[in-house]
Amino acid sequence: MNTAFKAVKITEKVYWVGAIDWAIRDFHGYSTPRGSTYNAYLILADKITLVDTVKRPFMDELLARVSSVIDPSKIDYIVSNHSEMDHSGSLVEVIDKVSPEKVFASKMGTKALFQHFGLVVDEVANGAELDLGNLTLKFLETRMIHWPDSMFTYIPEEKVLFSQDAFGMHLASAERFADELSPDILRRESDKYYANIVLPYSPMVKKTLEKVADMNLEIGHLCPDHGPIWRGKDIGEIIGWYSEYVAQKPRRKAVVLYDTMWGSTEKMARAITDGLSETGADVKVLDVRASSRSEVITELLFAGAVIVGSPTLNQTFFPTLADVLNYSKGLKPHNLIGATFGSYGWSGEAAGQLQSILEDMGVKIVSEPLKINYVPTAEALTECREFGLKIGNELKKAVENER
Ligand code: FEO
């Protein structure tokens, strides 16, 4: 019996029994420099219930943590709040080892678990309740936050809400509660998680926040499937952040993204940045060759302007820009103005092509592409600075109009 891992008590009857992935640095293309956790929860009710499992390689850690509290074979029920394999990857083997009486999932969850593993599980309807003897589970479907199968599970008697991916973050830590961690790191990792995972589903998040508010749930502990558990006043804090994400009101922040070949487009980016800064904009400059796509979308979350530059290479823009723009387009950032720029030798297609991509993303173009032949002269750099000034002033107007 593996006794190296212990459960962490959350309330009298609820324990965290998940796994900490200190080493992961790439979560299906999302850079995770701080690692992650796969949270699972054990409810010590008359009917002992496990909420979610963990990524497959971490099953032993999950079962060891359960064993520190009860014999895993005593688990009666398993609830799958989300079918993605970081939470269901070890489900088949856990079922094999503990032989639960029943496994529950949402309507779409039952389909997804069958399609992933050929598993047949019991369906719980939206709003249904499950009697655990001395405790009750209430289920709330949260379709497309962020998969069709996603649901929340609530224990009224313990005031615990299990929210699967929502309100989570990729952050490995020895601490289990948000109030034990740095607020700055929590905010950054929550922003990043929302931007990279939840952003395109903001309309559904808005409805869910409204529904949870209408239900007037008393929540003492908010337990997501990744990162720390929220308790006390921190619950209001993270829900407040989600209200900001849903609104995605642009700020006077401009993000300059560029790649460069022999330094000319970089010089343009620097002069454009100076012009933007002079208007009072908060400017973030990212050389996309040195920045992950997930950092880029995080910076765009509350930006009001995006300015993209690339030299022309083989009649197109650099592939690094194709990566970040394609990724960002899928995540549907809102309320952006923008423009493009780049140096070129003879054909000069890159800046125009980049503008078309920004238009496809719904970015409002506020200037013609700025193209400079080969190496920018002093006059050309002044033109770049004026380009930055113009976009900065447009940003100021756009943000004022949003107020
Ligand atoms: Fe953490 Fe959507 O899985």
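The legends below describe an overview and several close-up views of a predicted model.

**Figure 1. Overview of the predicted chain.** The chain has 403 residues, 57% of which count as buried. Its secondary structure consists of twelve helices and 23 strands. Along the principal axes, the C-alpha atoms fill a box of roughly 75 × 40 × 35 Å. Among contacts with a separation of 6 or more, 73% are between residues 24 or more positions apart. The accessible surface is about 16,700 Å², and carbon and sulfur atoms contribute 50% of this area.

**Figure 2. Buried and exposed residues of helix α3.** Helix α3 spans residues 91-98, with Leu91, Val94, Ile95 and Val98 buried. Viewed down the helix axis, the buried residues of α3 fall within an arc of 100 degrees, so they line one face of the helix. Asp96 and Lys97 are exposed and sit on the face of α3 turned away from its buried side. Just after the helix, Ser99 has a positive phi of about 45 degrees.

**Figure 3. Packing around helix α3.** The buried residues of α3 pack against both strands and helices. The strands are β8 (49-51), β9 (77-80) and β10 (102-105). The helices are α1 (59-67), α2 (85-88) and α4 (107-117).

**Figure 4. Salt bridge between Glu93 and Arg56.** The closest N and O atoms of Glu93 and Arg56 are 2.9 Å apart, and the two residues form a salt bridge. Glu93 belongs to helix α3 and Arg56 to the loop between β8 and α1, so the pair ties together parts that are 37 residues apart in sequence. Glu93 is partly exposed, with a relative accessible area of 28%. Arg56 counts as exposed, at 54% relative accessibility.

**Figure 5. Salt bridge between Glu141 and Arg143.** Glu141 pairs with Arg143 in a salt bridge, with 3.1 Å between the closest N and O atoms. The relative accessible area of Glu141 is 15%, and this residue is buried. Arg143 has a relative accessibility of 39% and counts as partly exposed.

**Figure 6. Salt bridge between Lys284 and Glu299.** A salt bridge joins the side chains of Lys284 and Glu299, with an N to O distance of 3.9 Å. Lys284 lies in strand β19 (residues 282-287) and Glu299 in helix α9 (residues 293-300), so that the pair links distant parts of the chain, 15 residues apart. Lys284 counts as partly exposed at 34% relative accessibility. Glu299 is buried, its relative accessible area being 7%.

**Figure 7. Network of salt bridges.** Side chains of opposite charge can pair when their charged atoms come close. In this view, Arg187, Asp191, Glu244 and Arg251 are linked by salt bridges into a network. The search of the whole structure finds 22 salt bridges.

Terms used:
Residues numbered from 1 in each chain as written. Predicted model: local features only at pLDDT ≥ 70, side-chain atom pairs only at ≥ 80, totals over all residues. Heavy atoms only, no water. Helix = DSSP H or I, 4+ residues; strand = E, 2+ residues; numbered from the N terminus. Buried < 20%, exposed > 50% of the residue type's maximum accessible area, 1.4 Å probe, protein only. Contact = heavy atoms within 4.5 Å. Areas by Shrake-Rupley, 256 points an atom, 1.4 Å probe, with all protein chains shown as cover. Arc of directions from axis to C-beta. Salt bridge = Lys/Arg side-chain N within 4 Å of Asp/Glu carboxyl O.
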